[in-house]
Amino acid sequence: MKDVYYKRLLDNASDLIWAMDLEGRIIYVNGRISEWGYDKDEMMGKPLLDILNITHMGKKVSEPAEPGVTRKFDMQLQDNTGRLHRVVVSSSPLQDDDGQIVGSMGIIHDVTATHNLEEKLKHEERLASLGRLATGIAHEIRNPLSSVKMNLDILSGRPGLDGRELEHFTIAREGVANLERIVTEFLDYAKPTPLTMRRHNLHKVVEETVAMARPYWEEGGVVVSRNFGRNIPTSLFDKGKIQQALLNVLINAIQASKNGGLVEIETTMSSPNSVEVVVVDHGEGISDENLKFVFDPFFTTKQQGTGLGLSIVSSIMKNHNGSISMATKYGEGTRVTLEFPVR
Ligand SMILES: Nc1ncnc2c1ncn2[C@@H]1O[C@H](COP(=O)(O)OP(=O)(O)OP(=O)(O)O)[C@@H](O)[C@H]1O
Ligand SMILES: [Mg+2]
């Protein structure tokens, strides 16, 4: 009775419990191992370290330590289903009744979730400090830039300039305008202005945004279709910001589409108190590798892009207590969902 009880307790423990002999062969594992795609009975007598595909590790676990000493190792391993786990393995010597060391035993504690969270926080901290630095630089660029612009205007207004000289001024002015746009967009992202919340009809705002994107869809030969949900109430949001967010997403979708492609905009109530604006394209899609970076400021795969579009969208949605999410298939297309509460 007692044995059954202990067995059940071990099998249902939240960590993986193991024991191996002096040769490193498994003499016990608990039921947790099945979650990693292994058959518990088949593992008996096999070398634990060979079965668990260890991709990174501090020190060997199989060496028996001093009696009474527990060692801990931080490692990464790949389970039988191909998933990677970050784990902490603790190991202590296994002794028989006479005190002889006959192997080792321990616990494998899965810390993948905490580890991922830590990595994400580190990444965000790094972005935040980079952001502060870049904001400072952007401010410093702004003043000399307006002086360059002013002086260009004065010089280009001089009488007697020939066509070629005027062309040089036009190129210089375009360069300045481009820089100004990047700096303004960046500062807008880094230091967003407070929201002006008013009640608006979402569909009107979508229509206006599609009109604003006209130069893009006309030039790209792309058709933008609308599929508006019924019963979408007017709602409080910052019209300018939501338009800016939608415009960025729409332009991305158009830019990803081939000539003659279709971009679909759908609106639905995703819950009784939140609305979704979905933009679907059938363009190039995003590779898994790139998908990790699309929300990072300055990440772009475009020659003319600044890579601020989606960073701005994400900050606008956050300020509206909403969110942006992306589903994509490389080579097939992308679906971007903007969601925010209706109030
Ligand atoms: N609908 C989409 N289809 C395919 N790739 C996309 C799509 N939307 C975004 N991307 C990818 O994400 C990257 C980042 O997008 P983001 O809008 O932030 O910057 P950008 O479009 O490159 O430049 P910017 O918007 O500042 O002009 C793009 O360069 C592109 O690789
Ligand atoms: Mg963009």
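At what angle do helix α6 (residues 202–212) and α8 pack, and how far apart are their axes?

**Entry 1, conventions.** I am working on a predicted model, where local features need pLDDT of at least 70, side-chain atom pairs count only at pLDDT 80 or more, and totals for chains, interfaces and linings use all residues. Residues are numbered from 1 along each chain as its sequence is written, and chains are lettered from A and ligands numbered from 1 in the order in which they are written.

I looked up the pair and found an angle of about 50 degrees, with the axes 9 Å apart. Axes here are lines fitted to C-alpha atoms, for helices over the stretch in contact, and angles run from 0 to 180 degrees between N-to-C directions. α6 is therefore oblique to α8 (under 35 degrees counts as roughly parallel, over 145 as roughly antiparallel, 65 to 115 as roughly perpendicular, the rest as oblique). On the α6 side I list V205, V206, E208, T209 and M212, and on the α8 side K239, I242, Q243, L246, L247 and L250. Contact means C-beta atoms, placed from the backbone, within 7 Å. I sorted these residues by class into seven nonpolar, two polar and two charged (Ala, Val, Leu, Ile, Met, Phe, Trp, Tyr, Cys and Pro are nonpolar, Asp, Glu, Lys and Arg charged, the others, Gly among them, polar).

Helix α5 (residues 163–190) packs on α10 at about 30 degrees, and their axes are 9 Å apart. I note a left-handed crossing for this pair. E185, D188 and Y189 of α5 meet S311, I312 and S315 of α10. The classes are two nonpolar, two polar and two charged.

I find 23 residues around ligand 1, with A256, T300, G305, G309 and L310 the closest (near means a C-beta atom, placed from the backbone, within 6 Å). α8 gives the most, four residues. The shell divides into seven nonpolar, 13 polar and three charged residues.

I count 10 helices and 13 strands (DSSP runs, H or I of at least four residues and E of at least two, numbered from the N terminus). The radius of gyration is 30 Å, whereas a compact globule of 343 residues would have one near 20 Å (taken over C-alpha atoms; the globule rule is 2.2 Å times the number of residues to the power 0.38). Along the principal axes, the C-alpha atoms fill a box of roughly 105 × 50 × 40 Å.

Terms used
Two residues are in contact if their C-beta atoms, placed from the backbone, lie within 7 Å. A crossing is left-handed if the near helix is turned anticlockwise from the far one by less than a right angle, and right-handed if clockwise.
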